[in-house]
Amino acid sequence: MAVEQPTRTPAPQPGDQTRIHNIGYRSYDGPRLGRSYATRSLYSQSLRGAYGLGRSVKSKVLPMLLFVVMCVPAAIMVAVAVATKAKDLPVDYTRYAIIMQAVISLYVASQAPQSVSRDLRFKTVPLYFSRPIETADYVRAKFAALASALFILTAAPLLVLYVGALLAKLDFADQTKGFAQGLVSVTLLSLLFAGIGLVIASVTPRRGFGIAAVIAVMTISYGAVSTLQAIADAQSLGEEGGSGAIAWIGLFSPVTLIDGVQSAFLGATSAFPGGAGPSTGEGVVYVVVVLGLIAAAYGLLLRRYKKVGL
């Protein structure tokens with residue numbers, strides 16, 4: 001009986017399975033928007049991220065909560081002023097940010113590492129620099145974004161106070177002048193705090209370490225300076241030159257620096273012990289130190305990211 005043999009198909013040659021598919025790749029022929037557009041986009045993205053916009057709900061909780069905490073006391077003050085028909089607001093515009101400095105410091109501590117630490121941790125900084133954007137563009141965008149976020153945080157309650165004062169029919173000229181002085185003060189504060197926060201946060205890719213470091217610098221410096229000022233005030237009672245020592249000690253904390261500038265030039269009441277704010281001459285030194293720290297922070301960030309981008 002014959003056995004049927006299975007038919008064998010010849011093995012395919014290696015070249016027979018090779019195929020070339022045209023999947024439509026082509027070069028980009030649209031407009032090249034360049035460095036300025038990339039810098040603006042990075043600024044916008046960083047500013048939105050400072051309030052958790054475009055991120056998860058969890059990322060929105062803390063910045064939005066701090067924003068509310070900044071504005072609620074101002075709303076309460078306005079309500080009291082309107083209800084009691086007061087002739088002036090309980091707090092000057094230039095004093096509000098100093099009173100709420102703990103909230104502002106906490107915001108800087110939470111958002112400065114968010115702005116830069118993740119780029120360092122995931123090593124995405126060189127990817128930015130592989131495009132037309134340069135180191136200076138990156139630093140300017142991040143610096144401007146955090147400073148803008150801080151300005152929104154600190155100027156919003158001043159706007160609430162101003163609108164409330166007008167509703168309470170307080171003197172328009174006085175309130176407008178005070179509001180303008182408050183805006184100048186919080187502008188300097190925003191630039192100074194943003195620079196310090198970003199410099200500290202750029203040292204470590206760990207966000208937790210960055211938060212702790214920023215809180216430590218802001219809190220310890222203010223506590224140490226306030227304590228030394230109180231000691232100098234207690235030891236200089238009845239002696240000449242005591243207020244001068246208090247003013248010079250105030251140069252060593254970001255909060256007291258802003259306090260000294262606004263008390264010297266913006267007509268604010270100083271929070272220094274005994275109300276001994278700096279004189280006009282000492283105030284000039286305060287302004288120079290504030291502007292020098294802002295410029296130094298920008299320079300340090302440039303040096304830092306030039307090394308990171310290599």
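Start by selecting helix 7 (residues 172-201) and helix 10 (residues 254-265): they pack at an angle of about 155°, with their axes 10 Å apart. Angles over 145 degrees count as roughly antiparallel, so helix 7 is roughly antiparallel to helix 10. Their crossing is right-handed. Keep in mind that this is a predicted model.

Next, the charged pairs. The count comes to 4 salt bridges. Select R35 and E134. They form a salt bridge, with the closest N and O atoms 3.8 Å apart. R35 lies in helix 1 (residues 34-50) and E134 in the loop between helix 5 (125-129) and helix 6 (135-167), so the pair ties together parts that are 99 residues apart in sequence. R35 is partly exposed, at 35% relative accessible area. E134 is partly exposed too, at 41%.

D137 lies in helix 6, so the pair ties together parts that are 102 residues apart in sequence. D137 counts as buried, at 3% relative accessibility.

Move to D119 and K142. Their side chains meet in a salt bridge (3.7 Å, N to O). D119 lies in helix 4 (residues 101-121) and K142 in helix 6, so parts 23 residues apart in sequence are tied together. Are these residues buried or exposed? D119 counts as buried at 10% relative accessibility, and K142 counts as buried at 6%.

Last stop: the surface. Select L62, L65, V69, L106 and I215, which make a nonpolar patch of about 360 Å². Helix 2 (residues 57-84) gives the largest share, 3 residues. L62 is in helix 2 and is partly exposed, at 35%.

Terms used
Residues are numbered from 1 along each chain as its sequence is written. This is a predicted model: local features need pLDDT of at least 70, side-chain atom pairs count only at pLDDT 80 or more; totals for chains, interfaces and linings use all residues. Side-chain values use heavy atoms; hydrogens and water are left out. Patches are made of residues with over 30% relative accessible area and no salt bridge: like charges are joined within 9 Å, nonpolar side chains (Val, Leu, Ile, Met, Phe, Trp, Tyr) within 5 Å. Accessible areas come from the Shrake-Rupley method with a 1.4 Å probe; for residues, only the protein chains shown count as cover. Helices (H or I, at least four residues) and strands (E, at least two) are DSSP runs, numbered from the N terminus. Buried means under 20% relative accessible area, exposed over 50%, partly exposed in between (1.4 Å probe, protein chains only). Axes are lines fitted to C-alpha atoms, for helices over the stretch in contact, and angles run from 0 to 180 degrees between N-to-C directions. Angles under 35 degrees count as roughly parallel, over 145 as roughly antiparallel, 65 to 115 as roughly perpendicular and the rest as oblique. A crossing is left-handed if the near helix is turned anticlockwise from the far one by less than a right angle, and right-handed if clockwise.
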